[in-house]
Amino acid sequence: MAGAAGPGTLPGAAGGGGDDSLYPIAVLIDELRNEDVQLRLNSIKKLSTIALALGVERTRTELLPFLTDTIYDEDEVLLALAEQLGNFTGLVGGPDFAHCLLPPLESLATVEETVVRDRAVESLRQISQEHTPVALEAHFVPLVKRLASGDWFTSRTSACGLFSICYPRASNAVKAEIRQQFHSLCSDDTPMVRRAAASKLGEFAKVLELDSVKSEIVPLFANLASDEQDSVRLLAVEACVSIAQLLSQDDLETLVMPTFRQAAEDKSWRVRYMVADKFSELQKAVGPKITLNDLIPAFQNLLKDCEAEVRAAAAHKVKELCENLPIEGRETVIMNQILPHIKELVSDTNQHVKSALASVIMGLSTILGKENTIEHLLPLFLAQLKDECPEVRLNIISNLDCVNEVIGIRQLSQSLLPAVVELAEDAKWRVRLAIIEYMPLLAGQLGVEFFDEKLNSLCMAWLVDHVYAIREAATNNLMKLVQKFGIEWAQNTIVPKVLVMANDPNYLHRMTTLFCINALSEACGQEITTKQMLPIVLKMAGDQVANVRFNVAKSLQKIGPILDTDALQGEVKPVLQKLGQDEDMDVKYFAQEAISVVAQRLRKLDFPMKDSEEPSVPEAKNHFLRPRVPEEDTGKAQRDRAARVASKEAVEAAQSRALGYNCSKGPAYRLHVNTRDTLAQLEIAEQVHFSQSRD
């Protein structure tokens, strides 16, 4: 299929005689042999359309042989083909003819690219379900045998995923052959094949008879778990969980646990990591008795492993392990055997270990109860709140609700607050951003009185942070706090402090006032917006910085739907009309947009407007003055327009200099940037001036 047509031939190419209605199908067929990879890929994705047009008989006798003979193509084309063939049973005549799909999928299961093979195996597994037992033994089982005995490791790895599908419906004689084939693959000379067999060992064990599991699967598991390649041994650990679910307690103790103990102390940290990662699943599979006798000692060793990755994986499982312990005696086991090791991990040298522990340790409070939490866990929580790693502190703060249910947040407040303040003032802005996201959660736990006393000033300080992302997050944070504490709290506590910022000498902070009003207006309602916020917005329309003025227009557009007709007609519209005549092109553009919104609002309220008051966008060559196209990304459009204007002015200035004009006497033209749209404009402390001369 790659470029030229392969040995297969397919009638019906475009340009031949016949029914004109089949011409589109002929085009798709021709594209299967096209040199362009994208055309071949598109045609493969429409393979079901081609098959429907050809009919079931021609699909079986012409299309499938053609595909089988020409499987030499780009990986993305082969992947699409493998996916399509899995849903082709109905297009070849139903389950009775499902075996016709096996040859192309068999070829795909032997290619070098792993994702193509995996998708082909998935399609084969799907098609096998539609075979009758007779057809399965006649067509599917021979395919599995051919793959399992192939010369290349690629076919043998694919075969490993097919044994569990065909085994349950095979006859006893065929079952014995299948088990023998799988045994051979488990001891294959190629590590890749042994890895594939180890990954499917648990799945295969689930469909075998219990006697076969004991006599054949368990020895295979023991061999794979002691393989020379650690990549094989760690996959055997996954199979351990599935095998453990099938055996009795006595069989587990004698057949599986010796191998598990060996894996838990394996020389490779990757194997030990896999043991730690699968620990909770294995604990559920083996039951409480073996857990107490074998798993707890192994878990203790994992918690103090020499490799940080292993300790971190084990720390992640602390809460699950404790929850799954038998209720009777659980507290004693945790206090005596688990908690001492947890205390050591709190001061671990690796931050990933401490962070993993911090994400789950709070959950132990609900298991151990109030007294044990206060006496034993609370000191650990407080130590982690003071940890030098920000992630550790954040993980503790984000899970405080668990402790709140047990002992109440008041007992933590004295130690919690310094950690919160330290995070809020961290030098890294991403850390500050993260703590802002947890502020509504903390506010709900602390209550309005404590919040006003300790954290309110912190939230207001974020509004004047030097990083725009922090100011934006702080604005959204205020809205969430208002939703949590109510309108009356906002009116008395937040709104006055926000409005004071309108007089700040820094224009970025004045714009933050507008952003806060945009966010708070909907939460606070019409009365507060009209009486307290609107006058400030209208006053800022006379600001000397154009960026502030066009954000006033945007704010009036935002809060317009909340205001009543009197405010819109008497106060908002005159200000917008004045801004519409502003000398700055950006201000004009956003004022015209806002006038359109206000006009629509007034029409909905049946408020009469004169024809002369209908908004119109003035014709101009400048990109800022064109009407906005629906669904347009306004922020991106603004950036593009700003870039084009700046570039044009810079070019004109350069041309003027080249022609010998005295540029120093030319008027200064300002480039205004919408600082709300992107972090790239981050903290523009002053306006940028371009000198330019004109004739």
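Which residues does Glu106 touch, not counting residues up to four places away in sequence? I looked: Leu143, Arg146 and Leu147. Contact here means heavy atoms within 4.5 Å.

I noted the ground rules. This is a predicted model, where local features need pLDDT of at least 70, side-chain atom pairs count only at pLDDT 80 or more, and totals for chains, interfaces and linings use all residues. Residues are numbered from 1 along each chain as its sequence is written, and side-chain values use heavy atoms, with hydrogens and water left out.

**Glu106.** I placed Glu106 in helix 6 (residues 102-108); helices are DSSP runs of H or I, at least four residues, numbered from the N terminus. Glu106 counts as buried because its relative accessibility is 16%. Buried means under 20% relative accessible area with a 1.4 Å probe, protein chains only.

**Aromatic rings.** I found 12 aromatic pairs in the structure. In one of them, the ring centres of Phe485 and Trp489 are 5.0 Å apart and the planes stand at 70 degrees, so the pair is edge-to-face. Rings of Phe, Tyr and Trp (its six-membered ring) pair if their centres lie within 6.5 Å, and planes over 60 degrees apart count as edge-to-face. Trp489 is buried, at 8% relative accessibility. Phe163, Tyr167, Phe182 and Phe204 form one aromatic cluster.

**Charges over rings.** I saw the charged end of Arg60 over the ring of Phe97, 3.9 Å from its centre. Lys554 sits likewise over Phe590, at 5.0 Å. The test is NZ of Lys or CZ of Arg within 6 Å of the ring centre and within 35 degrees of the ring normal.

Key: Helices (H or I, at least four residues) and strands (E, at least two) are DSSP runs, numbered from the N terminus. Buried means under 20% relative accessible area, exposed over 50%, partly exposed in between (1.4 Å probe, protein chains only). Rings of Phe, Tyr and Trp (its six-membered ring) pair if their centres lie within 6.5 Å; planes under 30 degrees apart count as stacked, over 60 as edge-to-face and the rest as tilted.
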